[in-house]
Each structure stands twice: as structure tokens, then as C-alpha cells.
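Subject: Structure for you to look at

Hi,

Here is the structure I promised to send over. Please open it next to this message. My notes follow below it.

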Amino acid sequence: MQIFDYLQRYDYEQLLFCQDEASGLRAIIAIHDTTLGPALGGTRMWTYQTEEDAIIDALRLARGMTYKAAAAGLNLGGGKAVILGDPRKDKSEEMFRAFGRYIQGLNGRYITAEDVGTTVADMDMIHLETNYVTGVSPAFGSSGNPSPVTAYGVYRGMKAAAKVAYGTDNLSGKVVAVQGVGNVAYNLCRHLHEEGAHLIVTDINEENVNRAVNDFGAKAVGVHEIFSVECDIFAPCALGAIINDDTIPVIKAKVIAGAANNQLKEERHGDEIHQKGLIYAPDYVINAGGLINVADELHVYNRERAMKKVETIYDNITKVFEISARDNIASYKAADRMAEERIARLAKSQSTFLRDGKSVYSK
Ligand SMILES: NC(=O)C1=CN([C@@H]2O[C@H](COP(=O)(O)OP(=O)(O)OC[C@H]3O[C@@H](n4cnc5c(N)ncnc54)[C@H](O)[C@@H]3O)[C@@H](O)[C@H]2O)C=CC1
Ligand SMILES: CC(C)CC(=O)C(=O)O
């Protein structure tokens, strides 16, 4: 991999490798763009097949965060971290503390939170070394686990997408196929179940499948079967790149709306589903609830204010489809346009010198 070529292609600012032999920490922090503010994005812990896979994941996720913050109307940049390791076996206090010290060393350019494989307890350990961490235990005045809020935002965004496809945002009676029923999707399933939707679920973790079956009467299917089941809405809530050459021909749903980051394997897949007439709610617009929630901590956390802003995801998804119809472009392109225009507009307004930089997030 030609790292500098990749950084240049998408205009990344910084890529940091963190190694601590004593604790076994091997982590990567990617900062994509801080035009709008400090880069905020979660830390993923995952057993990557290769180091290159970990680098690419960190970079792709960081860029997604730039767009997520911009599209959500937040004054934040995009960054993300990955820790190489098995979240079930390799965690320790010393590892998260070593990682926290690396974050502290960035002096606020990067602020972390939870992602796949990390928990509130992990954020609490990072918090022992740095204040540049969100999603910490509520006992510290923080907002805690962002997943239920992400789930609520996805639920609202799914309703907005359903309105475009079906003329109504009522999900009662709709069949929703959910891939991955972890932290976010379990809460999403609860909202859908309460509204009267029928659920089909899959997961590589049998316990998680059983929980959804028992609690919400979901029907369980195999991990490969989920793409081709008869359903109205497909909700990808596991990992990325699941809209690809293999899945597009078999997806039966008219709507794709889920929590996973980086759902399109390549941009051209977004064009293909658009041409097929599928209504795809762009991932970083629909799953911004967790980011909106943790971002509120930077102003002394207020849940009511945060939830009010999460409600705007419905309008943001609606706006994306309006731009898509107006300009006859795929929804992912419409979302990119919305985010890029905001960054460009604000970059211009920030061109005047201010001695201490931005005041918004300085503590
Ligand atoms: N937690 C949050 O607040 C946010 C999460 N996201 C994204 O949403 C997605 C889900 O996040 P979480 O629920 O927090 O993670 P999680 O780790 O709790 O849940 C993911 C679930 O997917 C399952 N899974 C993994 N590979 C699978 C496969 N091939 N087939 C079926 N199931 C599979 C896992 O076993 C797990 O149950 C991720 O892509 C994450 O980046 C995005 C925004 C915020
Ligand atoms: C809670 C968020 C900051 C998690 C995140 O990194 C994301 O939205 O992908």
C-alpha cells in the first residue's frame, strides 16, 4: 500500500501509529479533516487479518466521520481509531491507558468514543489519562453508551426513507431484515417491534440472535440468507462493504437503511442501487445519532438538547432524497454534496485570523 498516495487521494491530515510493548497496544489513529472542528470518532477493536486492513479501515472510517459531522450540522472534524486485537481476550486497563496517553498527546485534535468492540468501561479507562474522550460513564457527567441513541436516529431515518419509498413512514406491518443484532441493532429492533414491524435477523453471535428472537419475536436466518430474504427494508447493522457485486443482485428490499458504517463497498455500488430504484439512506447521515449525542458532551451534556438534534436525522434523510431527485444523482452522492458544501462554506468563513483558534470546543 502506498500510504502517502492514499492520504493524498482523499486529503487526509494525519495517520498515527501507537505501539506500547508493555501493554501490547497496537493502535492506529486516523484524522481526516479538521476544518469544522476537532476530529471526533470512535475506537474500533477488531482482529484484522492484516495490518493493511486495519489501516484502510481506520482511514475509511475517519473520512466517513468528516462527512457524518458535516451532514449532521456539527462543528466537528472526522477521525477514527482502531486497536488491533480481540475485544473478547486482549483488553486490559494498561492497554487502554496507554492508548489514552496517545490521544492526550494529540492535544484535542482527536476525541474518541465507542465503536464496534469497545464499551463505556473501556472509555472510562481511557478517561483516566485524557479528557479527550466521550461516551464515558454518566457518573462523570458524560452521556454513556451512544448505541441506543444511534439506534433511535436510525429508526427515525428509516421512517423518512420508508416515506420516500412507500408514501408513508408508518412501519407497522413492514418486514425489516436486520444484519447484525449487536448494541445498536438490538435497540433498533425494539423501536421497530414497538411500532408493529416484523423482524428477520441474523448474527454471527448466536446469543445476540436468540435475544432478538425471544424479546421481539424475530425470525432468525443464516448470515448469507439475510441479503436475499423477502422483506420491505434491509437494515445493515454489522460491518461495512455489504452492498457489493454479490449482494446487489439478490437484495429484495426496496429500502436499505441501517447503522453500519461504510455500507457501500465502492461508490459505484451506490450508483447501481440507485439505477435499480432502491432507496438507500446514506450510512453516515442515518447513523449520526451516537455522534450527535457524544458531541453534546463538549458543551456539558444535556440529553434533551441532544435528542432534539437527533430528531433532525429524519429531515436530513428527507433532504438527501430531495437533492437526489432534484439533481438526478444517487443518494450517496447527494449526501456527499450536502456535507462538502457545508465544509466549503464554513472553511471560507473561518479564514480570518483568531489568536486562540476556535472558541467552540476549547475548554
Ligand atoms: N455504536 C454506535 O453508536 C455506532 C455504531 N455504528 C456502526 O453500526 C454498526 C454496529 O455497531 P454496534 O452495534 O455498536 O456494534 P456491535 O459489535 O455491538 O454489533 C455488531 C454486531 O454485528 C455482528 N456481526 C459482525 N459480523 C457479522 C456478519 N458478517 N454477519 C452477521 N452479523 C455480524 C456482531 O456479532 C455484532 O453482534 C457498526 O458498523 C458501527 O461502526 C455507527 C454509528 C454509531
Ligand atoms: C459514537 C460515535 C462517535 C461512534 C462513531 O465513531 C460513529 O458514529 O461511527
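Residues 24 or more positions apart account for 64% of the contacts in the chain with a separation of 6 or more. Please keep in mind that this is a predicted model.

Overall build first. The chain has 13 helices and 12 strands. The C-alpha trace spans about 55 × 45 × 45 Å along its principal axes. Of the 363 residues, 50% are buried.

Strand 1 covers residues 14-20 and pairs with strand 2 in the antiparallel sense. Seven bridges join the two. One of the pairs to look for is Q14, whose bridge partner in strand 2 is I31. Strand 1 and strand 2 form a hairpin, with four residues between them. Look at G24 in that turn: its phi is positive, at about 80 degrees.

Strand 2 also has a partner in strand 5 (residues 77-84). That pairing is antiparallel too, over six bridges. Here I28 stands opposite V82 of strand 5.

How many of the nine residues of strand 2 are buried? Nine of the nine, with 20 or more other C-beta atoms within 10 Å of each residue's own as the cut-off. Strand 2 (residues 25-33) is therefore largely enclosed by the rest of the structure.

Now the ligand. Ligand 1 is surrounded by 27 residues. The closest are T150, G180, G182, V184 and G290. By class, the shell holds 12 nonpolar, 12 polar and three charged residues.

Where does the shell come from? Helix 5 (147-166) and helix 6 (183-195) each supply at least two of its residues. Helix 6 gives the largest share, with three residues. Both domains take part: domain 1 (13-63 + 78-139) and domain 2 (147-342) each contribute at least three residues to the shell around ligand 1.

If you have only a few minutes, start with two places. One is strand 2, with strand 1 and strand 5 as its antiparallel partners. The other is the shell around ligand 1, with T150 and V184 among its closest residues.

Best wishes

Methods:
Residues are numbered from 1 along each chain as its sequence is written. Chains are lettered from A and ligands numbered from 1 in the order in which they are written. This is a predicted model: local features need pLDDT of at least 70, side-chain atom pairs count only at pLDDT 80 or more; totals for chains, interfaces and linings use all residues. A residue is near a molecule or strand if its C-beta atom, placed from the backbone, lies within 6 Å of it. Ala, Val, Leu, Ile, Met, Phe, Trp, Tyr, Cys and Pro count as nonpolar, Asp, Glu, Lys and Arg as charged, and the others, Gly among them, as polar. Domain bounds come from an automatic or database domain assignment. A residue is buried if 20 or more other C-beta atoms lie within 10 Å of its own, exposed if 12 or fewer, and partly exposed in between; C-beta atoms are placed from the backbone. Two residues are in contact if their C-beta atoms, placed from the backbone, lie within 7 Å. Two strands pair if DSSP finds at least two bridges between them.
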